[in-house]
Amino acid sequence: MSRIVLLSAAISAVLVESVVAEAPPAKELFGGMKLPSRAAPSPFGSYAKGCISGAVAIPTDGPTWQAMRLSRNRRWGHPQMIALLERFSRDAVALGWGSGILIGDISQPRGGPMLSGHASHQIGLDADIWFTPKPAQPLSPQQREDMPFTSMLDESKFLTVDRRRWTATHAQVVVQAASYPQVERVFVNPAIKKKLCDTWTGNRAVLGKIRPIYGHDAHFHIRIKCPDGAAGCQPQAAVAPGDGCDKSLAWWFTKEPWAAPKKDPNKKPPPPPKPMGLSALPKACSTVLSLDARNEMEATFRTSGGEGALPTTNAYAAPPAPATAGGAFELPAWVPVPPPRPTGL
């Protein structure tokens, strides 16, 4: 009898492993979602391991912004993120930033891991802004797909900003993005951070929120805090005090961050990492995937004001939670706590 039990357990284990192995990666599940869930806006998990319910889309065109790379369907985010982008777009124009901002990726309709590109941008609280101002003549959908990025770096030198491209207005726009209380971090290339450290003569209190990181030479990345009351949102560690123009920045100008990892010729190469599965995300994300969808027009963030007026207040209202046989539907108020993210970014 014991052999039969052991054999049965072994077969069950193999079947479970087979099912897990065949489950689609989380990036395919979330990347395949075209519309957001019909639920109250709520982020679940961390910036690099989570999802969002009730996301809203920024309109593809606004008085002071245009959304880029529309085919990627990544203009979705938490209403607070979208509202901030609209406000920032107006403030950027006031600083002399062309006719507005060009908005890159925010999040997918239900957040989660992406099929390509970012590790973060998963809970609707991150957004990329091009270092290219919105031109006076609106870009066509095709131009938004084809328009190349413009790096702010001098390719002939190591980690050096190109003085022919970088202007005082670029600096003002980046610092403006970091100045809002709800903004937690603004990611830029280390060379851009150093340029700000060396040249910024205004209030330096917000420079600490501008963090150096790989890439980010043709765009900068705005990250806002977890919204108040979002119990399922895991906050990132607070930025260290100071302007960040210290040893943590100097490290980027050593060989260490850019050195290729040393390889042991006698050691077998590790197997390629497995894509993140749905089970690695907060439990609430399974529910987010299963909820009914809202249509795009209904879920597009709208502002008040007459035709041609700059947006001033938000007219978005969260939809009522769908009723179920057991009463009103509610997403879980908690999620498993993922491992802590590295600090210092």
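This is a predicted model: local features need pLDDT of at least 70, side-chain atom pairs count only at pLDDT 80 or more; totals for chains, interfaces and linings use all residues.

Reader: What pLDDT does the protein average?

Author: The score called pLDDT is the predictor's confidence in each residue, from 0 to 100. Here the protein averages 84, and 81% of the residues score at least 70. Over residues 1–21 the pLDDT is below 50, and this stretch has 0 contacts (heavy atoms within 4.5 Å) beyond near neighbours in sequence. Residues 304–345 also stay under 50, but for them the model has 68 contacts beyond four places in sequence.

Reader: How should I read strand pairing, and in which sense do β1 and β2 pair?

Author: Helices (H or I, at least four residues) and strands (E, at least two) are DSSP runs numbered from the N terminus, and two strands pair if DSSP finds at least two bridges between them. In this model β1 (residues 42–46) and β2 pair in the antiparallel sense over 5 bridges, forming a hairpin with 2 residues between them. One of the bridges joins Ser-46 to Lys-49 in β2.

Reader: Why is β2 described as largely enclosed by the rest of the structure?

Author: A residue is buried under 20% relative accessible area, exposed over 50%, and partly exposed in between, using a 1.4 Å probe and protein chains only. Strand β2 (residues 49–53) is largely enclosed because 4 of its 5 residues are buried.

Reader: How many salt bridges are there, and which parts does the pair of Asp-105 and Arg-72 tie together?

Author: A salt bridge is a side-chain nitrogen of Lys or Arg within 4 Å of a carboxyl oxygen of Asp or Glu, and by this rule the count comes to 12. One of them joins Asp-105 to Arg-72, with the closest N and O atoms 2.7 Å apart. Asp-105 lies in the loop between β7 (101–103) and β8 (126–130), and Arg-72 in the loop between β5 (65–67) and β6 (76–77), so the pair ties together parts that are 33 residues apart in sequence. Asp-105 is buried at 6% relative accessible area, whereas Arg-72 is partly exposed at 36%.

Reader: Where do Asp-91 and Arg-87 lie?

Author: Both lie in helix α3 (residues 79–94), 4 residues apart, about one turn of the helix.

Reader: Is Pro-257 buried or exposed, and what is it in contact with?

Author: Relative accessible area answers the former, and contacts answer the latter. Pro-257, found in the loop between α7 (247–250) and α8 (284–290), is buried, with a relative accessible area of 9%. Leaving aside neighbours within four places in sequence, Pro-257 is in contact with Tyr-214, Trp-251 and Trp-252. The C-alpha atoms of Pro-257 and Tyr-214 are separated by 9.1 Å, although these residues are 43 apart along the chain. Trp-258 lies in the loop between α7 and α8, and is partly exposed, at 36% relative accessibility.

Conventions: Residues are numbered from 1 along each chain as its sequence is written. Side-chain values use heavy atoms; hydrogens and water are left out.
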